[in-house]
Amino acid sequence: MSKEPPGTPCVLVRVAARTPATLSVATLALLLLAGAAEAHEGESDESAVLVEQAIALIANDAGKDKVAERIEDALMAPHKEDVDLKLVEQARGVVQSPGPEGASLQEARGLLLRSLDGKLPSAPEAGKLVTGTETGTSVVLDEFRPARGIADSGDAALFALALVAIVAGLWLSVRLRPRHSIRDLERRAAAQEDREGRKR
């Protein structure tokens, strides 16, 4: 067998593979690079798509920072077709202005929708079947938040009916309870067997 000269890449790989710390650091670095590349590839280069994503972030209460970042991406994107950038700029100013977050985000949402002229890029084409990851709708709904507690008369009526059902169930369980429990019956049966055994 031929000996490899010291300092060759093969020797370095063998030495590095012997130390678990080096191997784990190299694996972590590769995973981080792959994740960064995937995130970069997944980002759209169309302003209209990024504006729609900003609207979706507002609808899902992602916060001012994420919405502002997506609006910045939309303004910097190379393909700016079908978007009124002046309205997008106004939306960015509204999001970055101090004040109540909810009101400013809703105002920014209206501006962003107007910048797209109410036509979202994900809107399905007429007569075309939905495929893959397409949603088949262009409506960005607000996050569903059901009311907590008793919000209206309907909730109060349901609560009252539930209480009546509970009270009626407890009353019936006491009223229709048998006179003797299973333990009493078992004791009686055991006592009777003892008596019969003594008689024999």
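Visitor: In which hand does α4 pass α6, left-handed or right-handed?
Guide: The crossing of α4 with α6 is left-handed. Keep in mind that this is a predicted model.

Visitor: What are the angle and the axis distance for α4 and α6?
Guide: The angle is about 25°, and the axes are 11 Å apart. Helix α6 covers residues 101–115. Angles under 35 degrees count as roughly parallel, so α4 and α6 are roughly parallel to each other.

Visitor: Which residues make that contact between α4 and α6?
Guide: From α4 there are Lys64, Val67 and Ile71, and from α6 there are Glu101, Ser104, Leu105 and Leu112. By class, the contact of α4 with α6 has four nonpolar, one polar and two charged residues.

Visitor: Back up a bit. How many helices and strands does the protein chain have?
Guide: Eight helices and zero strands. Along the sequence the pattern reads α-α-α-α-α-α-α-α.

Visitor: What percentage of the residues counts as buried?
Guide: The protein chain has 200 residues, and 18% of them count as buried.

Visitor: And how much accessible surface does the protein chain have?
Guide: About 15,800 Å², with 59% of that belonging to carbon and sulfur atoms.

Visitor: OK, back to α4. How does it pack with α5, what angle and what distance?
Guide: Helix α4 is residues 64–76 and helix α5 is residues 85–96; their angle is about 155° and their axes lie 10 Å apart. That makes α4 roughly antiparallel to α5.

Visitor: Is that crossing of α4 and α5 left-handed or right-handed?
Guide: Left-handed.

Visitor: Which residues meet there, α4 against α5?
Guide: On the α4 side they are Lys64, Val67, Ala68, Ile71, Glu72 and Leu75. On the α5 side they are Leu85, Val88, Glu89, Ala91, Arg92, Val95 and Gln96. The contact of α4 with α5 has eight nonpolar, one polar and four charged residues.

Visitor: Now α3 and α4. What is the angle there, and how close do the axes come?
Guide: Helix α3, residues 47–59, crosses α4 at roughly 170°, and the axes come within 8 Å. Angles over 145 count as roughly antiparallel, so α3 and α4 are roughly antiparallel to each other.

Visitor: Which residues of α3 and α4 meet?
Guide: Ser47, Leu50, Val51, Gln53, Ala54, Leu57 and Ile58 of α3 meet Lys66, Val67, Arg70, Ile71, Asp73 and Ala74 of α4. These divide into eight nonpolar, two polar and three charged residues.

Visitor: Let's look at Val67. Is it buried or exposed?
Guide: Val67, in helix α4, has a relative accessible area of 0%. Under 20% counts as buried, so Val67 is buried.

Visitor: What is Val67 in contact with, leaving aside neighbours within four places in sequence?
Guide: Ala54, Leu57, Ile58, Val95 and Leu105.

Visitor: Is Asp82 buried or exposed?
Guide: Asp82 is exposed, at a relative accessible area of 69%.

Visitor: Last one, where does His180 lie?
Guide: In the loop between α7 (153–175) and α8 (182–199). His180 is partly exposed, with a relative accessible area of 35%. Leaving aside neighbours within four places in sequence, Leu185 and Arg188 are in contact with His180.

How values were computed. Residues numbered from 1 in each chain as written. Predicted model: local features only at pLDDT ≥ 70, side-chain atom pairs only at ≥ 80, totals over all residues. Heavy atoms only, no water. Axes fitted to C-alpha atoms, helices over the stretch in contact; angles between N-to-C directions. Helix = DSSP H or I, 4+ residues; strand = E, 2+ residues; numbered from the N terminus. Parallel < 35°, antiparallel > 145°, perpendicular 65-115°, else oblique. Left-handed = near helix turned anticlockwise from the far one by under 90°. Contact = heavy atoms within 4.5 Å. Nonpolar A, V, L, I, M, F, W, Y, C, P; charged D, E, K, R; others polar. Buried < 20%, exposed > 50% of the residue type's maximum accessible area, 1.4 Å probe, protein only. Areas by Shrake-Rupley, 256 points an atom, 1.4 Å probe, with all protein chains shown as cover.
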